Amino acid sequence: MNSNREELRIGFYVCHCGHNIAATVDCAEVARYVGTLPHVALSREYKYMCSDPGQELIQQDIREHKLNRVVVASCSPLLHEHTFRGATEAGGLNPFYFHMVNIREHNSWVHTDRKEATEKAKALAQAAIERVAHHKALEVKRVKIHADVLVVGGGIAGIHAAMTMANAGKKVYLVEREPTIGGHMAKFDKTFPTLDCAACILTPKMSEVGNHPNITLWTYSEVTKVDGYVGNYKVTVKHKPRYIVEDACVGCMECIDACVYKTPKFEDEFNEGLGKRKPVFIPFPQATPQVVIIDPETCLNLKTGKCKKTCVEACADRMAIDFTQQETFDEIEVGTMIVATGFKTFDAKRVPAYGYGVYPNVYTALEVERLVNASGPTGGEVITRDGRHPKSIGIIHCVGSRDKKTNVWCSRVCCMYSMKLALLLKEHTGAEIYNFYIDIRTPGKGYEEFYNKLLDEGVHFIRGRVGEVTDWAMTPEEEGKLTIRVEDTLAGYVRRIPVDMVVLATGLEPQQDAQDVRRLFNLSCGGEGWFLERHPKLAPVSTFTDGIFIAGGCQGPRDIPDTVAQAGAAAAECLALIDKGYVEQEPNTAFVLAEECSGCKSCIPLCPYTAIAFDESSKVAVINEALCKGCGTCVASCPSGSIVQNLFEDDEVFSEIKGVLAYD
Amino acid sequence: MKYSYFPGCSLKGLGRAYEESLLPVMKHLGVDLQELDDWNCCGATAYMSVDEAKACVLASRNLALAERDGNHPILAPCSACYLVLNKTKHYLHQYPKMKATVDRALNAVGMKCEKDVPVRHPLDVLINDIGLDAIKMKVTKPLQGLKVAPYYGCQIVRPYATFDDQANPTTMDRLLEALGATVIRWPLKTKCCGGSLTGTIPEAGIRMVYILLNEAKKRGADCLATVCPLCQFNLDGYHSAVRRQYGDVLLPTVYFSQLMGLAFGLPDRDLALNRAAIPFRWRPSSPPPAPAKPPAAKSVAA
Amino acid sequence: MTKDWKPRIVAFFCNWCTYTAADLAGVSRLKYASNVRVIRLMCSGRVDPQFILEALTHGADGVLIGGCHPFDCHYVEGNYKMLRRFQLLKRLLADMGIEDQRVRLEWISAAEGDKVKRVINDLTQQIQALGPLGFPSKVADWDREMTELEHHVTATAAGVCACGESEMAAAKPEVAHV
């Protein structure tokens with residue numbers, strides 16, 4: 001359709017969005033005003049333009065009133081541009097003859113004065129009317145989707161997502177930076193509210209991942225580079241040397257027994273430093289892969305070169321130990337990715353009043369998970385750092401959560417895991433357990449019931465934020481104990497409660513290197529550092545980068561059921577893209593008008609995607625459309641104005657500028 | 001770096017030992033202290049609670065004097081002065097009405113307070129401007145074997161924790177360690193010393209004094225080190241009252257500056273150690289324990 | 001300047017960070033001055049200095065450009081390229097007698113809805129204090145001068161006199177075609 005020769009017939013629609021827009025913007029007035037503008041064939045207001053009847057209205061008008069341009073003033077184009085382009089196309093027009101005006105997020109929701117908001121809506125609408133006149137019919141570009149998927153992070157989110165897709169027949173790369181998959185969940189003893197054992201649920205899944213023919217599992221590896229775009233990502237993965245030939249190691253652990261260090265001597269990371277390990281070790285019995293690792297920081301041979309290498313002897317002709325291992329790199333091609341890089345727990349030392357790191361009997365919750373765990377450093381016996389069996393235990397909630405001095409957010413899982421630990425500690429020790437809480441938050445299936453169960457079991461709940469944990473004894477009963485000082489806000493006085501052991505329910509935080517990961521994958525972060533979803537309700541696992549999805553604790557604090565649900569959702573999003581086989585790309589790429597290009601080459605170094613080349617025969621710049629991502633930087637920089645960006649042509653933007661200013 | 005030294009009333013009266021030890025120590029470190037000419041009451045305690053505006057006017061006159069005399073940071077060793085001067089600055093920033101009142105008052109005598117003079121505590125200056133390395137260089141008689149309970153009191157960390165952690169300050173700990181002393185870890189570093197309660201509700205005040213002395217002693221301290229004239233007065237001056245009520249907990253309380261002077265090898269008479277009610281008799285053993293072998297070899301050669 | 005004069009500000013927001021932040025401000029129901037008209041571009045790197053001049057020429061009293069924070073650009077470094085261009089443009093604007101505060105570049109990430117509010121309110125207040133720019137009438141003046149000069153040049157070229165004025169005229173047209 002060649003619209004340039006045709007008379008322009010623009011259809012304009014202003015949406016009430018129920019009261020969302022209509023309460024602040026006089027929609028009737030906007031429709032009336034736009035109706036007076038040149039080339040506007042029809043101007044309507046409607047309650048919900050995005051509804052079926054609203055879309056139907058556009059289609060019908062295109063046919064009956066021979067519209068050749070459509071403008072809708074409603075919400076943000078990031079939300080419904082796609083919808084209305086669809087309606088325009090269904091009406092028989094090229095979808096790019098449509099333009100959208102944002103009078104909700106940018107207008108009715110942020111202004112209170114009805115007159116001002118209405119004026120602004122008119123100005124924005126007028127700009128769109130003037131702009132749309134310059135729109136051209138464009139073709140959507142289809143890009144093929146590579147069927148392989150990359151999952152980053154081998155916690156429960158990554159494991160579940162990888163399994164889901166692998167079971168659907170897709171080839172999955174699972175990259176984990178630690179020596180084993182399992183993440184935080186592998187450290188837990190039981191899970192709330194059902195109290196089923198974490199290992200019993202997780203470890204079968206872990207070994208399934210390790211053995212799945214469709215999953216390439218790379219542990220002790222990190223993604224270092226991401227190139228490309230949806231459907232065609234090129235990813236570089238670095239494998240850190242574990243000084244063990246993974247294929248040769250059978251997990252017999254004879255090398256561990258044979259190590260020159262006869263007893264474990266070094267802080268065991270998996271047990272949160274509560275236990276010891278040797279320089280050659282396996283993080284925990286069910287680690288996946290079942291392969292040992294040598295820590296170069298503590299291994300005598302790697303540190304000094306002077307060691308009898310009894311481990312190598314023990315390994316004998318399996319020859320799985322290789323002290324010469326170096327970093328290696330793999331480059332893979334995938335179409336979609338799931339980032340499930342998890343969270344870290346709050347550093348309790350940041351609240352010095354609670355004495356973590358000062359008093360040995362102050363623990364973090366994660367440490368207690370290991371302490372009550374049958375495969376933990378004490379075999380499940382709750383014995384404090386100074387060797388006693390606690391008779392009374394205080395659990396302090398909201399450490400590093402809901403606190404302006406540290407983190408303002410609620411970490412969501414602490415109330416429940418605190419109560420779980422309360423129950424486990426009670427079972428293990430018979431001690432009196434005190435929970436110090438601000439509010440108990442139990443929004444989950446069976447969670448409130450779990451709380452009630454604890455109340456029935458006689459666990460104490462004291463409402464108040466703890467002021468301090470101190471070893472200063474005011475009374476003989478406090479002698480030799482840790483005293484928790486708290487204002488009991490229900491009883492209305494300050495209490496001192498002496499206990500043998502304090503558990504700090506530390507909150508959840510974004511990973512230390514969340515910002516680096518964000519940049520690597522071109523994600524966005526909220527102010528707190530959690531990865532930002534595209535839309536909290538409509539696209540909760542999508543990101544602003546097509547083909548990259550997020551799941552689990554990297555997006556915000558969440559418990560295991562929610563994490564798994566989200567991982568499933570992210571896997572489904574990937575599968576949907578892969579099975580569709582292609583993705584439609586916004587045709588906002590740039591091209592060079594060869595006859596006007598002077599061949600100055602100033603655009604060439606500006607393109608971050610090396611999409612611009614110089615054609616020696618014709619002496620002009622040429623843009624490779626497949627590589628162009630449509631930022632428009634070259635367009636703005638071309639001295640002769642000979643580069644054009646589809647959808648953002650100079651004429652289109654200039655007319656929009658004039659349009660917003662035409663109205664006084 | 002130059003500082004305008006603001007002694008306040010305490011350092012010229014009850015807390016004389018603080019001034020008498022701090023000035024030689026600072027001089028020894030090469031710090032240029034110029035006592036603020038014509039300084040007046042900082043406006044602390046009673047004044048602040050009776051009439052905040054008048055207290056602020058008083059305090060800001062001192063700020064204005066510092067501004068006039070070259071705008072060097074004010075060094076305020078007394079905790080109360082340090083707090084009130086900082087509080088006044090905070091009020092002048094935060095409350096335009098207060099600022100207007102103060103401006104009017106200062107205007108009447110041809111002064112102004114506009115330049116936001118920093119108000120610094122000696123611990124802040126020692127740690128952050130001079131640095132522990134420079135201080136260690138000056139130590140000639142390390143306080144080896146002396147067990148000190150560092151006691152910060154309330155006013156230098158609450159509500160304005162400008163140079164140290166509010167809940168667990170460590171600047172004095174680090175300073176004392178640099179002097180060679182053993183620092184006692186205890187949780188009552190910033191707990192109330194009884195303040196002016198010793199004068200108004202003695203039973204409450206004395207109890208607080210007892211708690212601090214008793215706990216420090218229980219943990220093996222040879223003395224308490226303080227930064228505040230009122231704390232020093234309370235912890236030093238009420239031993240007989242404490243004894244009557246709770247039994248004997250004799251423990252000397254000294255200023256950190258006195259300990260610095262000892263470690264620097266300054267003569268006793270420069271450190272006003274005789275001014276305390278509970279005498280502090282411990283002295284570092286002169287010359288520092290040198291490595292055994294080389295001197296021995298020397299003597300053989302001789 | 002009439003008493004109820006309200007500044008008109010044109011904003012160019014990048015799709016990924018600042019436009020999304022403005023959406024977030026809306027979703028969070030933050031309230032700010034209604035003087036800004038936002039034009040969405042894919043990247044702040046697309047902001048051609050001509051867009052800014054065009055806006056001022058057509059009656060804008062101020063221009064706001066919003067892009068991603070340094071190192072956060074969706075297109076790697078479009079924001080940085082805009083910054084380079086912006087520095088040059090600032091000099092040109094100063095030469096034209098346009099106050100520095102009228103044209104502003106801000107980095108606003110997708111999470112900073114409150115910054116959108118703050119920046120818009122702040123800029124509106126600043127420009128309100130500066131008063132109308134009145135650039136269209138200035139441009140009209142320059143154009144008129146130009147026409148006269150051209151006329152004059154044509155006349156002198158016809159052979160009356162060849163003094164310095166003709167050189168001036170030769171240099172001027174570049175300026176007038178803003």
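**Talking through the model**

Modeller: Let me begin with Lys217(B), which has its place in helix 10 (residues 202–218) of chain B, where helices (H or I, at least four residues) and strands (E, at least two) are DSSP runs numbered from the N terminus. This is a predicted model, in which local features need pLDDT of at least 70 and side-chain atom pairs count only at pLDDT 80 or more, while totals for chains, interfaces and linings use all residues. Residues are numbered from 1 along each chain as its sequence is written, and chains are lettered from A and ligands numbered from 1 in the order in which they are written.

Biologist: Why does Lys217(B) count as partly exposed?

Modeller: Lys217(B) counts as partly exposed because it has 18 C-beta neighbours inside 10 Å; a residue is buried if 20 or more other C-beta atoms lie within 10 Å of its own, exposed if 12 or fewer, and partly exposed in between, with C-beta atoms placed from the backbone.

Biologist: And what does Lys217(B) touch, leaving out residues up to four places away in sequence?

Modeller: Lys217(B) touches Val249(B) and Leu251(B), a contact being two residues whose C-beta atoms, placed from the backbone, lie within 7 Å.

Biologist: How far apart are Lys217(B) and Gly261(B), in sequence and in space?

Modeller: Lys217(B) and Gly261(B) are 44 residues apart in sequence, and 23 Å apart in space from C-alpha to C-alpha.

Biologist: What about helix 13 of chain B, then: which of its residues are buried?

Modeller: Helix 13 (residues 256–264) of chain B is mostly covered, with eight of its nine residues buried, namely Phe256(B), Ser257(B), Gln258(B), Leu259(B), Met260(B), Gly261(B), Leu262(B) and Ala263(B). These buried residues pack against helix 1 (16–28), strand 5 (147–151), helix 8 (171–178), strand 7 (223–226) and strand 8 (253–255) of chain B. After helix 13 of chain B comes Gly265(B), which has a positive phi, near 80°.

Biologist: Which domains does the assignment give for chain B?

Modeller: The assignment, which comes from an automatic or database source, gives domain 1 (2–120) and domain 2 (132–275) of chain B. Their centres, taken over C-alpha atoms, are separated by 24 Å, and 21 residues of domain 1 of chain B are in contact with 24 residues of domain 2 of chain B.

Biologist: Which element gives the most to the domain 1 side of that contact?

Modeller: Helix 1 of chain B gives the most to the side of domain 1 that touches domain 2, with nine residues. By class, that side has 12 nonpolar, seven polar and two charged residues, where Ala, Val, Leu, Ile, Met, Phe, Trp, Tyr, Cys and Pro count as nonpolar, Asp, Glu, Lys and Arg as charged, and the others, Gly among them, as polar.

Biologist: Switching to chain A, how many helices and strands are there?

Modeller: Chain A has 17 helices and 34 strands, and its C-alpha trace spans about 90 × 70 × 40 Å along its principal axes. Of the 664 residues in chain A, 50% are buried.

Biologist: In what order do the four strands of the open sheet in chain A run?

Modeller: The order is 2-1-3-4, with parallel pairing, and two strands pair if DSSP finds at least two bridges between them. The edge strands, each pairing on one side only, are strand 2 (40–46) and strand 4 (98–102) of chain A. Strand 1 (residues 10–15) and strand 3 (residues 69–74) of chain A are joined by five bridges, and Phe12(A) stands opposite Val71(A) in strand 3 of chain A.

Biologist: Which strands does helix 1 of chain A lie across?

Modeller: Helix 1 (residues 27–35) of chain A lies across strand 1, strand 2 and strand 3 of chain A, and runs at about 175° to strand 2. Axes here are lines fitted to C-alpha atoms, for helices over the stretch in contact, and angles run from 0 to 180 degrees between N-to-C directions.

Biologist: Last topic: how many residues of chain A are in contact with chain C?

Modeller: 43 residues of chain A are in contact with 42 residues of chain C, and helix 17 of chain A gives the most to the chain A side, with seven residues.
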